[in-house]
Structures are given as C-alpha cells and as structure tokens.
Number of protein chains: 2
Amino acid sequence: MYGCCVRVDGNRCGLIPLCLQFILIDAEFDLLKGIMRHAGKLQKGGHLYRQEDPFDSVYLVRAGTFKVYRVDEWGEEQILGFYYQGDLIGVDGLSADRHICSAVALEPSSAYAISFKLLERLCCDNPALQRRLFQMIGSEIAREQQLMIIIGKFSAEQRVAAMLLGIAWRNKQFGLAPERLWMPMTRAEMGNYLGMAMESVSRVLSNFQRRVVVDIDGKWIVVHDIDKLCAIANSGHSEIQLLSI
Amino acid sequence: MYGCCVRVDGNRCGLIPLCLQFILIDAEFDLLKGIMRHAGKLQKGGHLYRQEDPFDSVYLVRAGTFKVYRVDEWGEEQILGFYYQGDLIGVDGLSADRHICSAVALEPSSAYAISFKLLERLCCDNPALQRRLFQMIGSEIAREQQLMIIIGKFSAEQRVAAMLLGIAWRNKQFGLAPERLWMPMTRAEMGNYLGMAMESVSRVLSNFQRRVVVDIDGKWIVVHDIDKLCAIANSGHSEIQLLSI
DNA sequence: GTCCAAGAATGATCGATATCAAGAGTTTGG
DNA sequence: CCAAACTCTTGATATCGATCATTCTTGGAC
C-alpha cells in the first residue's frame, strides 16, 4: 500500500505524509509525482501564496510550518489553520479562481506545488485519485467544522486543550511523539486562531504548567498528562468529568 | 447559458437555483438530470440524512429549509448551517464514507438526491462539470471560514447583523426580495449557530427593531435599513464607523 | 372560542474573559 | 556581547454576554 514511499529515491521527507494522506498505490503515485514541483524554500515570513493570487496550485508542506490566514476589509487578520509537514494547503482557492487566504511560513519552510489543472485532469482518468482528492478536501471541511465548534462552544481552557490535543493526535498519525508538540506560532497567533486574547492563552498555559499537565520549553510544549488534557477539553459538558479529575 | 431552466417541463422550482449554482449548459444539465432523483417530501423535523449514515448522495434543496448540525459525544448540538431552496447539502460526507452531520427540515420541505458515485463518474467524462463541483465544495469551505470569523471575532450585535445580511445577500442572488428574510429557525437555533445565547439573540433583535433597523413579523424579518445593518456588522473594526451612524 | 405548550421578550445578576498596564524573558542583528 | 525589539507573563479592572427567573405572545388542538 505504501510502496510509493520506498520508491522515492533518497529523499523521503514530505512524501511519506503524502502517501499517508492519499494512500496511493505505486501507479497513482507516479502519476502524481509527474505534476509536482518544488515551490522552493521560504524564510520565516515568506508567502507561499497570498489572498487574491490566482489559484493554480495546491501545496504539500515538505518541511517547516505554515499559517493560513485571511485579512478582512479592515486589515484584521483571522488565522484559519496551522499546517505541518505533509499537510495540504491551498484549497481555499477552489471556490473562485483566486485564493481567499494567504499562506505564510512560520519558520524556514518548503513545499511542493501541485498544479490543480493537471490534478483535475489526472483525476478524470483516475477515479481512485479523484476519490482521494475529494476525501482530502472533505477533511478540510471537517477540520473547519471542528474548529467552529471549538470556537463557538468551548471555554478558554477547553480551546487551548483542544488545540494541543489536535497537534498531539496529528503527531501520532505521522509517527511522531504525541507528547512533544512543536509550536512555532506566537501566543497572539494561537489566540487569534482560537478566538481569544493572547493574554488568556498565556494564562491558560501557565495554569496547565502549574497543574503539571504540560511543560513549556521554548517553542516546544511537552504533554505530561494527556488524560487530564482530554478531561479538560471535554469538561463542562457533563459534571461527572469534573469529579474524575 | 441558463437555457436548461427553460427546458424543464413545467416544474422549474428548485432547478433554477441548480442552474444558477452550476451554471450548466444544456448538455451538462441533461447529464446531471439523469442522476438526480426526488428524495421525497419531509415534514418539519424529518431528516434528509443523519450523522453516521453512509454517504452516497448529496442533496439539492427543492423547497423549504434545512438545518445541518452535528451532535458531539455529550449530546450537545452544534448547528453548522441553514440551507434554503437551491442550496447543496451533504458534502460533510466527503471525508469519510459516512455523514458527519445531520440534515433536518425546519418546515415541510423537499430535496433532490444526487448520487455521488454517479456524479463522480460523470465528472470524469466532463471536466467542466468537475470544475463546477469543486467550486461548489470550495464555496462550502469559504462559507465555513466566513462563519468562523464571525463567531471568533464579532460581537453579539455584529453576529446577528452578519447573519441577516448573509440571508439578504442570498435572496438577492436568487432574485428574491433582499429585504424580506424568511427565518424558520427559532431564536435558540440562531443562537446555537452564532455561538451565543438565545436570550442575547432576542435582545439584539429587539434592539434592532427599536432602532428601526429591522421589523420582526413572525418568522419574517423585514430589513428597513440595510446600510445601518452593514454599519453594525462592520463596526468595532474602525472607530470612524461609529461616528457615521 | 379556550387551553396549553412552545417560543420569545425582558429584567437582574454574575462570571469569564477582554482590556489595560507593567515587567520579565528571549531572540536578533550589528 | 550588547542593545533593541519582540514575546511572554502576570496583575488589576472593566465589560459583554451567559445564566436564571419571570412574564408575555403565538399557534395549534380540541
């Protein structure tokens, strides 16, 4: 199933996640490799694409981290997601022929660009690939719905806990340590993403640290008690949860 | 361009919006008509599909209104959208082979079901149709992003104003009066959708009515001053806005 | 029509979190 | 290695909107 990964000559980074997400067979992978190209290396603050740019590619994060955000008419920024190695970015361009978001590197990063026009054409000849693509786009919808629930219904503590658990879960999917979370974004960016003030994020994290739920080590957050973190994220819904802490 | 609408024998309702959204040419429309079937009439409270149902169709609202919602592990409901005639529902099933949301009628309603398997196949042979489908799914992503910004950054007043403007804008798109808004959902449902308490929704609407911005007439809301409504939705971002009221 | 239940409006209170402010830590570039 | 510029933390205070409680309205059912 994951044979594709083995076939990549030497450079496996970034392609393993691609295989994981697409779950491609060799033949499909070869097709896809044909329409991928390096989008180059970006410094911190470098843009993969900007709002209003014509939409012609989706991107696969090869290394580093990106944040995707939207700026409204008054110059206010809303962060819609953080994307790590292996994530697909750029489907925000699907609805129009222009991107409605910007994607910027949070640290030195790189990505592959996949021509969407060619991808579409490839899908026409390859129903299995089309299916994968729809699934990945569907995952993006599901992710946004999840985030909406978190922002709309969760308390400050729950939001931060949910975000950490999300990254932990992601790490697990990609075979990384689920307790060591790489968080290159600032507190202000976390707050923006979660719909809360930077100060609140800081307070919640300090509180978690005091309760020995996590440990903060620069841009790394180490989860000490994932069960407690789950309990926090799920608290408030049922009072029984609170007793079990 | 919209020739398809004329070709529908007698029954144009629900298909005009289809044409508007897909912007189909005759040939494409005929293809699509072949894979559509009536999903029957639903009473208020009747479900088009439920969370966990296998995903095999997307739906086009023919008449009435639907709400799409998700119930989390603790039985708490989150409403993710209200859908009127001509809207496409069901893409929440894309990521898995099951729906992750439920769709329920808010009043006597009906819908067309479009087999997704057949739609996919049709897209393979018809790149233009594939393009439309991606666009429509992209619109769903864009809509969710918009909602996230509203929930994450807007005040109670701004949220309600934004929701009303959204429906007004939609009406305009579909050739309906942009000042007469049909709102079959309860205050509690509006509140759930917007991430606020039912009482707050009620207060904001009363306030709008007092300021002669809108008039409430049962399940209809009549917008008297759309400019003021826009000003409210956009206020808080710049202080200049407040002075101009 | 009358009754009843569901929905809506409104008032009073309280609390979570934003905001303001100041200081401590950390990174970056010369 | 130092200084400037970010970033983060923590405290004090203010505020918006949730919550609780009550009354008013509406729309079916009989």
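**Reading the model**

Guide: Strand 10 of chain A and strand 11 of chain A form a hairpin with 2 residues between them, and Gly218(A) in the turn has a positive phi of about 65°. Helices (H or I, at least four residues) and strands (E, at least two) are DSSP runs, numbered from the N terminus, and two strands pair if DSSP finds at least two bridges between them. This is a predicted model, in which local features need pLDDT of at least 70 and side-chain atom pairs count only at pLDDT 80 or more, while totals for chains, interfaces and linings use all residues. Residues are numbered from 1 along each chain as its sequence is written, and chains are lettered from A and ligands numbered from 1 in the order in which they are written.

Visitor: What is the strand order of the open sheet in chain A?

Guide: The order is 9-11-10, an open sheet of 3 strands with antiparallel pairing. Strand 9 (180-182) and strand 10 of chain A are the edge strands, each pairing on one side only, and neighbouring strands are turned by 20° against each other on average, direction ignored, where the axes are lines fitted to C-alpha atoms and angles run from 0 to 180 degrees between N-to-C directions.

Visitor: Which residues come nearest to DNA strand D?

Guide: A residue is near a strand if its C-beta atom, placed from the backbone, lies within 6 Å of it. Of the 17 residues around DNA strand D, the nearest are Thr186(A), Ser206(A), Ser155(B), Met196(B) and Ser200(B). Two or more residues each come from helix 7 (187-194) and helix 8 (198-210) of chain A and from helix 8 (198-210) of chain B, and helix 8 of chain A gives the most, with 6 residues.

Visitor: Which residues are closest to DNA strand C?

Guide: Among the 16 residues that surround DNA strand C, the closest are Ser155(A), Met196(A), Ser200(A), Thr186(B) and Ser206(B). The largest share of this surface, 5 residues, comes from helix 8 of chain B.

Visitor: How many residues of chain B are in contact with chain A?

Guide: Two residues are in contact if their C-beta atoms, placed from the backbone, lie within 7 Å. By that criterion 34 residues of chain B are in contact with 34 residues of chain A, and helix 5 of chain B gives the most to the side of chain B that touches chain A, with 18 residues.

Visitor: Which residues touch the most other members of the largest nonpolar core?

Guide: A nonpolar core is a set of buried Ala, Val, Leu, Ile, Met, Phe, Trp, Tyr and Cys residues joined through C-beta atoms within 7 Å, and a residue is buried if 20 or more other C-beta atoms lie within 10 Å of its own. The largest core has 121 residues, of which Phe66(A), Ile89(A), Leu164(A), Phe66(B), Ile89(B) and Leu164(B) touch the most other members. Leaving aside neighbours within four places in sequence, Ile89(B) has contacts including Leu48(B), Val58(B) and Phe66(B). Buried residues make up 40% of the 245 residues in chain A.

Technical notes:
A residue is buried if 20 or more other C-beta atoms lie within 10 Å of its own, exposed if 12 or fewer, and partly exposed in between; C-beta atoms are placed from the backbone.
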